[in-house]
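Colleague: I'm new to reading protein models. Could you walk me through a few features, one at a time?

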Amino acid sequence: MKVRTLGNSLSVSAIGLGCMGMSEFYGSHDDAASIDTIHRALDLGCNFLDTADMYGPFRNEELVGRAIRGRRDEVVLATKFGNMRGDDGAFLGISGKPDYVRQCCDASLRRLGVDHIDLYYQHRVDRTTPIEDTVGAMADLVRAGKVRHLGLSEAAPQTIRRAHAVHPITALQTEYSLWSRDPEDEILPVVRELGIGFVAYSPIGRGFLSGRFKTIDDLEPTDYRRLSPRFQGENFARNLDLVRRIEEIARAKGVTPAQLAIRWILSRGKDIVPIPGSRSIGHLEENIAAAEIELTSEDLARIDEVAPKGVASGERYPSTSMAAVNA
């Protein structure tokens with residue numbers, strides 16, 4: 001597995017593993033299969049694991065902790081705080097208050113069964129707490145040895161600048177894919193100016209760009225993507241046309257649409273690391289193989305033609321969730 005560097009010093013596999021769907025949001029899950037998938041990822045050199053306290057809620061960190069037990073030195077471990085949830089799964093808002101930051105870190109360390117977190121993100125920006133206060137508390141965690149590097153997720157350019165002035169930010173995590181190219185306008189220029197790495201979540205468009213979903217009924221009844229605007233009604237049909245065009249390019253290359261989507265992300269710069277989610281060894285191996293694909297300038301031009309900025313039909317999230325991004 002090739003490696004890339006986030007910020008100035010955090011070396012990670014060029015493709016990471018998003019673990020969210022192993023515990024929630026994408027329908028049924030199987031802990032044993034997920035642990036096997038994590039083990040296979042580590043065997044293949046995919047060492048960058050991404051989780052968060054809210055996934056499960058809380059269960060995903062415990063799952064990842066079980067999977068890496070005995071293999072901690074092989075892992076670059078990233079987790080997040082900020083989205084508050086109750087034990088019953090209720091969403092309770094967003095917090096970046098310093099006391100909350102410290103409590104969350106200690107709780108994550110316990111669930112993960114580790115003595116430090118390699119990359120600790122604020123999952124969503126708390127608009128009611130100055131970012132300087134939040135990042136100041138995160139910096140205290142670095143000084144205490146509980147955290148090695150700091151990150152932000154879905155933060156606006158000015159927020160990134162203010163945060164970075166308090167303590168170096170190693171990575172910004174934001175949705176980026178062939179149907180979510182918004183970061184190219186302002187986010188990527190800012191993080192590159194500041195020397196911050198970029199972690200691309202949902203690089204396969206929450207699975208839509210893989211071509212696996214032909215109708216909404218291909219999603220399990222409990223799958224939260226049924227609530228996503230891009231998976232609904234006319235938006236679904238219009239976005240399916242995009243997928244068909246991507247499939248044509250993939251067939252000509254002899255690769256899968258998911259691999260093409262991941263390889264395109266990798267082509268956008270060596271400071272970008274995609275973290276596709278996988279719940280099975282088969283999908284994991286397919287995704288990791290994308291790193292070996294070669295895209296010519298003609299391939300990239302054709303991809304740009306079929307998937308320009310703004311090509312997706314529908315917003316990334318429902319309106320209430322959209323209010324929390326780019327904050």
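Colleague: Let's start with a pair of helices: is the crossing of helix 5 and helix 6 right-handed or left-handed?

Modeller: Keep in mind that this is a predicted model. In this model, helix 5 and helix 6 cross in a right-handed way.

Colleague: And how do I describe the way two helices pack?

Modeller: In general, two packed helices are described by the angle between their axes and the distance between the axes. Here, helix 5 (residues 157-166) packs with helix 6 at an angle of about 15°, and their axes are 9 Å apart. Angles under 35 degrees count as roughly parallel, so helix 5 is roughly parallel to helix 6.

Colleague: Which residues of helix 5 and helix 6 make the contact?

Modeller: From helix 5 you have Pro157, Ile160, Arg161 and His164. Helix 6 brings in Ile187, Val190, Val191, Glu193 and Leu194. Sort them by class and you get six nonpolar residues, one polar and two charged.

Colleague: Okay, next topic. What's the idea behind a salt bridge?

Modeller: Side chains of opposite charge can pair when their charged atoms come close. The cut-off is a side-chain nitrogen of Lys or Arg within 4 Å of a carboxyl oxygen of Asp or Glu, and by that rule the count here is 30 salt bridges.

Colleague: Where in the chain are the partners Arg66 and Asp31?

Modeller: First, the bridge itself: the closest N and O atoms of Arg66 and Asp31 are 3.4 Å apart. The pair links distant parts of the chain, with Arg66 in helix 2 (residues 59-68) and Asp31 in helix 1 (residues 31-43), 35 residues apart. Arg66 has 37% relative accessibility and counts as partly exposed; Asp31, at 33%, is partly exposed as well.

Colleague: How far apart are the closest N and O atoms of Asp185 and Lys309?

Modeller: They're 2.9 Å apart, in another salt bridge. Both residues lie in loops: Asp185 between strand 10 (171-175) and helix 6 (187-194), Lys309 between helix 10 (297-306) and helix 11 (319-322), with 124 residues separating them. Lys309 is partly exposed, at 45%.

Colleague: Which residues are linked with Asp185 and Lys309 in a network of salt bridges?

Modeller: Arg181, Glu184, Arg268 and Asp304 join them in that network.

Definitions and conventions:
Residues numbered from 1 in each chain as written. Predicted model: local features only at pLDDT ≥ 70, side-chain atom pairs only at ≥ 80, totals over all residues. Heavy atoms only, no water. Helix = DSSP H or I, 4+ residues; strand = E, 2+ residues; numbered from the N terminus. Buried < 20%, exposed > 50% of the residue type's maximum accessible area, 1.4 Å probe, protein only. Axes fitted to C-alpha atoms, helices over the stretch in contact; angles between N-to-C directions. Parallel < 35°, antiparallel > 145°, perpendicular 65-115°, else oblique. Left-handed = near helix turned anticlockwise from the far one by under 90°. Contact = heavy atoms within 4.5 Å. Nonpolar A, V, L, I, M, F, W, Y, C, P; charged D, E, K, R; others polar.
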